[in-house]
Amino acid sequence: MPWWAWLVVVTVVVLLVRAVFNRWALAGFGVKPNLAMLEQAKGFMNRMIEADQLITAGEVGQAMLVLDDLAQRPELAEMPGLAAQIHLNRARVASILGRYDTALASGSPAVEFYRQAYRRFRSASNASNLGEVLQIVAQVHLRKEDTTSAIAAFKEVQEISRRGAFRQTVVRTEIELARLHIQIDDFDQGYTHAEKGYKLAHKWGMPDHAVEALDFQAIARAATGDYTGSKRLLDSAGAHLRPDAPLAIRAHNLTMRVVVAGAEGDLHTQVTVGGELLSMISALKTGRGWRQDQAQTILQFAAIEQQTLEASYTLADQGDPRAAAVFLDALGSLRESEIANVLRAGILDADHEAGSGLPAVMAGLFHQLAQIEDPDTPVPGSSAPLYARLETAVSARFRQVVQGSRPTSERLTPRHHYVQTRLIEDDSGSFTLYGSWEAPGHPAVLFTETLSTDQAEALHVVTGVADHRPPTSAEQRSASVRASTRGWSATKQYAALTGEDNRWQSLAPSLLPPELLDWLRSVPPNADDDTVPLIVFSPDNALWGLPWAALVIDDSGVLLGDRAAIALLPSSSLLRNQHAPRNTRSRVLSYLHGVDNAGLTAERTALSQSWPGSVDEADDAADLVNALADTSAYSLLTMSVHGDNRPGLAHSLLLDPERKTRLSAARMMSLNFPETVVVGACFSGSMDKRVGTEPVGIPSVMLCRGATTVIGGLFPLPDGPGTRHATATILSLFYALHAQGARSPWALRRAQLRWRAEHQSMPYAWAGLTVFTNCDLD
């Protein structure tokens with residue numbers, strides 16, 4: 001054949017290959033043959049790599065942010081293969097976070113794409129991709145306890161794996177099958193799969209998978225009563241653990257050690273390993289970012305937490321100081337606040353990196369929130385998803401900038417009486433309270449109490465947990481409370497606070513140690529502020545809404561607030577180990593708007609009489625926000641407005657009900673506050689009731705942005721003549737006492753005592769106003 005004929009043949013072949021490549025390889029796998037699309041695809045791939053790196057570092061919540069953003073990109077419609085890979089990764093991360101519906105929603109299109117690719121060309125590569133995404137879907141079914149669907153998916157993975165699969169997929173499948181069979185009590189089969197998974201992981205040099213496989217072998221052995229064999233396997237797993245192994249793998253190994261120690265009655269191991277595990281769980285929770293994911297993480301480990309608290313309490317009662325330290329650390333570890341650390345470090349202040357990376361993400365979220373919530377530029381849509389992303393981004397920003405180089409901090413306690421509480425519900429529905437009382441200069445008093453069903457119900461009622469549909473933000477506002485709510489008077493909580501169901505008031509002997517109650521009873525009635533103690537409570541989320549001051553402490557009806565000043569500490573992260581510089585100015589900034597006019601008039605009069613010539617009242621919401629850019633001229637800010645009970649950074653004050661102008665905790669993160677802040681608004685002191693969630697809201701943010709004391713409302717505050725202007729009257733009394741030099745917790749206590757002496761004493765009228773502090777008090 002002449003040379004030119006060969007040239008023609010080669011040219012035709014090249015053109016055919018190119019056409020096939022463009023039609024099937026590039027288009028089929030998501031990249032169109034143009035440079036712009038290739039560059040865009042490269043950018044998306046880099047973001048996926050970034051997400052993988054975040055997962056490896058434990059920043060699962062932040063990785064989810066990246067993948068959520070990628071999955072919403074409209075350009076992916078032209079890149080089906082790349083879209084499938086993004087959905088695969090998103091399904092994997094959503095599964096880690098327990099967002100199983102999201103995981104299935106992303107896993108399904110990925111499965112469909114790779115199935116089609118596998119049917120077109122049954123290559124080892126296509127088989128590996130399909131096997132990987134099917135395995136993720138199977139894991140989700142297993143976590144949802146849909147055993148039938150999980151088995152079907154795993155069988156398909158095994159069938160496909162015969163034509164080729166990623167080694168990780170093969171090993172992972174054996175481990176997940178071990179989990180499945182153990183879950184249905186087929187321990188022998190579970191052990192067999194775990195053993196096979198270990199052998200393959202060891203053969204292929206996969207130490208993290210080897211550890212998991214050994215852990216599941218240990219679980220299977222322990223389930224049959226072979227604790228010696230189980231501990232041997234756990235020791236072997238520990239030997240395989242890399243120093244930088246993912247937190248989840250290390251936590252799983254420690255969990256099994258605690259479980260086996262509990263089965264054998266080994267209290268010392270339960271305390272030592274359990275304490276280490278709870279610290280790790282706290283870090284795992286933090287990496288989840290969003291509060292719902294945090295709550296699910298804590299719920300998964302509730303039994304381990306209770307086991308560690310029980311063991312440490314028992315040994316501490318026998319005189320073991322190490323066990324007592326573990327008990328105290330465990331009580332506070334789940335309320336650590338990364339967002340508080342962000343604000344205290346000033347990371348959200350002017351940032352030279354704001355054009356890229358995480359600061360740019362936060363800047364974009366702030367902008368979107370402003371568009372939705374600004375009445376002058378309304379944008380349709382819900383702000384809730386934006387707040388969820390913002391909390392994750394802010395928490396991640398702290399760890400990105402500060403935490404990596406921050407040394408382990410010593411445990412700080414207030415310079416006043418300090419009470420921590422944790423209420424845990426076990427699998428049988430029984431509730432146990434764990435707590436501690438630390439008096440200045442004295443060793444901690446640890447206590448625990450199993451609550452009766454009636455006692456637990458009473459607590460759930462008064463804290464609002466029992467109300468399945470608590471008051472929420474609404475267009476219609478009640479005229480009798482300072483909140484944008486409706487239906488408040490129909491709630492069980494309202495009934496408890498107005499005396500219809502006062503069971504909760506008699507619970508002090510079950511919620512506090514007898515030593516503390518005996519000491520409080522010795523405080524003289526009508527004692528001066530120097531004699532009256534301050535008790536700082538740091539309860540978990542379940543008890544956050546409890547009006548502690550209204551608890552009865554003796555048979556004569558004396559209340560806790562009669563013998564002590566009360567304050568709440570949202571998180572030990574807010575504590576300072578030294579005093580902040582004091583502002584010597586004494587001017588007051590006020591914003592009184594939207595609630596009962598007669599009450600506002602009373603407050604204005606009290607302010608002007610208490611600080612004559614030194615009160616600046618903001619004319620409108622914009623004026624207030626502008627003033628909060630620099631509050632160095634003020635020692636007190638007071639805001640009497642409507643509030644709402646949206647949790648987290650969405651927690652808001654309704655500055656102008658007519659224009660629907662809000663000031664959220666998110667916006668407060670970039671503002672500044674004077675030392676004392678009074679927020680006479682309903683729910684202004686509320687927190688997310690889900691245990692383990694980031695303890696952030698209006699008080700937390702203010703305490704991190706200059707305030708040392710915040711007075712706010714735990715529940716809807718009474719407003720108007722129907723309650724004799726209770727809130728306005730108590731605040732007016734507070735202003736006068738505070739101006740005379742009384743410190744905020746003691747001033748509020750005295751104002752409430754005077755109200756009770758002269759008016760009705762039901763807790764609804766007076767106990768909602770509560771002090772929140774970082775304990776930086778003179």
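Residues are numbered from 1 along each chain as its sequence is written, and side-chain values use heavy atoms, with hydrogens and water left out. In this predicted model, local features need pLDDT of at least 70 and side-chain atom pairs count only at pLDDT 80 or more, while totals for chains, interfaces and linings use all residues.

Student: How many helices and strands does the chain have?

Tutor: Let's start with how they are counted: helices (H or I, at least four residues) and strands (E, at least two) are DSSP runs, numbered from the N terminus. On that basis the chain comes to 31 helices and 14 strands.

Student: What share of the residues is buried?

Tutor: Good one! Buried means under 20% relative accessible area, exposed over 50%, and partly exposed in between (1.4 Å probe, protein chains only). Of the 778 residues in the chain, the buried part is 55%.

Student: Which helices do the buried residues of α9 pack against?

Tutor: Helix α9 covers residues 187-203, and its buried residues include Y191, H193 and L200. Packing here rests on contact, meaning heavy atoms within 4.5 Å. The partners are α8 (167-183), α10 (207-223) and α11 (227-240).

Student: Which residue in β10 is the bridge partner of G643?

Tutor: Strand β10 (residues 652-656) is joined to β9 by 2 bridges, and the two run antiparallel. In β10, G643 has as its bridge partner L653.

Notes. Pairing = 2+ DSSP bridges. Expected span 1.5 Å × (residues − 1).
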